[in-house]
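Here is my note on the model. Please read the points beside the coordinates.

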Amino acid sequence: MGASSVDPGPTRSATPGCAVVTRFAPSPTGFLHIGGARTALFNWLFARRTGGKFLLRIEDTDRARSTEPAIAAILDGMRWLGLDWDGDEVYQFARASRHAEVAFRLLEQGRAYKCFATAEELTAMREAQRAAKLPLRYDGRWRERDPREAPDGAPFVIRLKADTEGETTVDDVVQGRVTVRNSELDDMVLLRSDGTPTYMLAVVVDDQDMGVTHVIRGDDHLNNAFRQLGIYRAMGWEQPVYAHVPLIHGADGAKLSKRHGALGVDAYRDELGILPEALANYLLRLGWGHGDEDIVPRERAVEIFDLSDIGRSPARFDAKKLEHLNGHYMRQADDERLALLVTPILAGLLGRPLSMDEHRLLARAMPVLKVRARDTRELARSATFLFDERPLDIEPGAEALLRGGGATLLAAASRALAGVEWTAEALDEAVRGVAEEAGVGLGKVAQPLRAALTGRTTSPGIFDVLLLIGRDESLARIAERLAVD
């Protein structure tokens, strides 16, 4: 480590009046996974806090693996998380001619050169290096040779003529000062023999042309920064501020995988029933912190987010914490919004669509249903009792509550409820009267009532259940159960 002996060039943030521009640049080869979503969130928050711009670039240069469904999934995931971008998304493949233009400009300026080494020669070179236990890197064999030495029409790549002396330092906002010797960096390929640009060239040119001032990305790209700075210097461009964020690990400390919860954000929505605000809050707290604040709504996050609060250690994904956080946001969510989210899930469970009246009932039930639910799928399951058709399916535990003394108490409750006004106060007085007359606690009466009304051992409060189901249906369910006994 030490000061760089090679001038890294000016940094964009040092330019007076320079507005912040961040970007998220996913490769559309699959879903928007949670690591990418967190990177997008950090970029979005930093841009919004500073009054800058947040741009989206689709790095679709891998034509064999980039797909339209993957692009659609990324855009859908971004919108679901509320990560709106400024302007239209940029597609990297469409800019290939611009990338090639920069490579040829470097060639003209003597900052790059044509390399005619064949695949066989490069393989032999690497095998010799491997045998000698040397680092595997290009040995610069065409760096000073005259291109006229190559056979006519021989294919070539364009390589950057990298600095070979001194060191290069990245003053990273998250990682601190990191230095490498330039002798460890070889002359990387900028343009392939078929004329297509490499990832390294395309990223730098796109960031430059898009005016990106801050590159916030995973720390698996830190080594790339040293190579990419070579292009910035060669072109005389201002380099961006780098912030390389540690990756997310599983709870066991291992690299995050599907068994830890490394799913696409669409799976958290569709399969796990997570709300976008909960997932965003959880991703924010994975590796970033501001005091003891765990619940950080979006408005608060925009207000306080800063790159300096990102830790250097890998964050650990904990599904239980996400579940707990989601429960908090479920309780805070608007009832009609939750009903709209739950309706299609519930329709799938019931095997039929809900009517408008049933949807309104679902929304009316939300205040008592959502306090117990940790996700929208659990919320849907908890609501099925409202719409189940008679005869109800009775769970084994509930069946046990409807035998012996439970059946006697249920019959007494049925008689008491039949003649009362269907209000919370009247229902409470009637059921409590049954309990007092029988000399038992209220729960002893509520348990068989709940079993008869819902077929379950757990539900919202018994008076809420009675009010939501309504007089006719409640009495019919109780009568049906008494008839069985």
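1. Helix H11 (residues 335-350) and helix H13 (residues 376-383) cross in a right-handed sense, with axes that come within 9 Å and an angle of roughly 65°. Right-handed means that the near helix is turned clockwise from the far one by less than a right angle. Axes are lines fitted to C-alpha atoms over the stretch in contact, and angles run from 0 to 180 degrees between N-to-C directions. Helices (H or I, at least four residues) and strands (E, at least two) are DSSP runs, numbered from the N terminus.

2. Which residues make that contact (heavy atoms within 4.5 Å)? H11 supplies Leu 338, Leu 341, Val 342, Ile 345, Leu 346 and Leu 349. H13 supplies Thr 376, Arg 377, Leu 379, Ala 380, Arg 381 and Ala 383. By class, the contact has nine nonpolar, one polar and two charged residues. Ala, Val, Leu, Ile, Met, Phe, Trp, Tyr, Cys and Pro count as nonpolar; Asp, Glu, Lys and Arg as charged; the others, Gly among them, as polar.

3. A word on provenance. The model is predicted: local features need pLDDT of at least 70, side-chain atom pairs count only at pLDDT 80 or more, and totals for chains, interfaces and linings use all residues. Residues are numbered from 1 along each chain as its sequence is written, and side-chain values use heavy atoms, leaving out hydrogens and water.

4. Next, the largest pocket. Its space is about 920 Å³. The lining has 33 residues, and His 33, Gly 35, Gly 36, Asp 220 and His 221 lie nearest the centre. Strand E1 (21-24), helix H1 (34-50), helix H5 (199-209) and strand E9 (214-218) each give two or more residues to this lining. H1 gives the largest share, six residues. The classes are 15 nonpolar, 10 polar and eight charged. On a 1 Å grid over the protein atoms alone, a pocket is an open set of points with protein on both sides within 12 Å along at least five of seven lines; a cavity is a set where a 1.4 Å probe fits but cannot get out; lining residues have an atom within 4 Å of a point. Points are joined across faces, edges and corners, and a volume is the space filled by probe spheres set on them.

5. How many cavities of 30 Å³ or more does the whole structure hold? The search finds one. The largest cavity has a volume of about 110 Å³. Of its 13 lining residues, Leu 160, Ala 162, Asp 163, Gly 230 and Arg 233 are closest to the centre. Helix H6 (residues 222-235) gives the largest share, four residues. Five lining residues are nonpolar, two polar and six charged.

6. Check two backbone spots. A cis peptide bond, omega about 0°, joins Arg 390 and Pro 391. Pro 391 sits in the loop between H13 and helix H14 (396-401). Lys 133 is not glycine, yet its phi is positive, near 55°. Most residues other than glycine have a negative phi, and most peptide bonds are trans. Lys 133 is exposed, at 76% relative accessible area.

7. Is Glu 59 buried or exposed? Glu 59 counts as buried because its relative accessibility is 6%. The classes are buried under 20% relative accessible area, exposed over 50% and partly exposed in between (1.4 Å probe, protein chains only). Beyond neighbours within four places in sequence, Glu 59 has contacts that include Pro 26, Gln 92 and Tyr 199.

Note on methods. Contact means heavy atoms within 4.5 Å.
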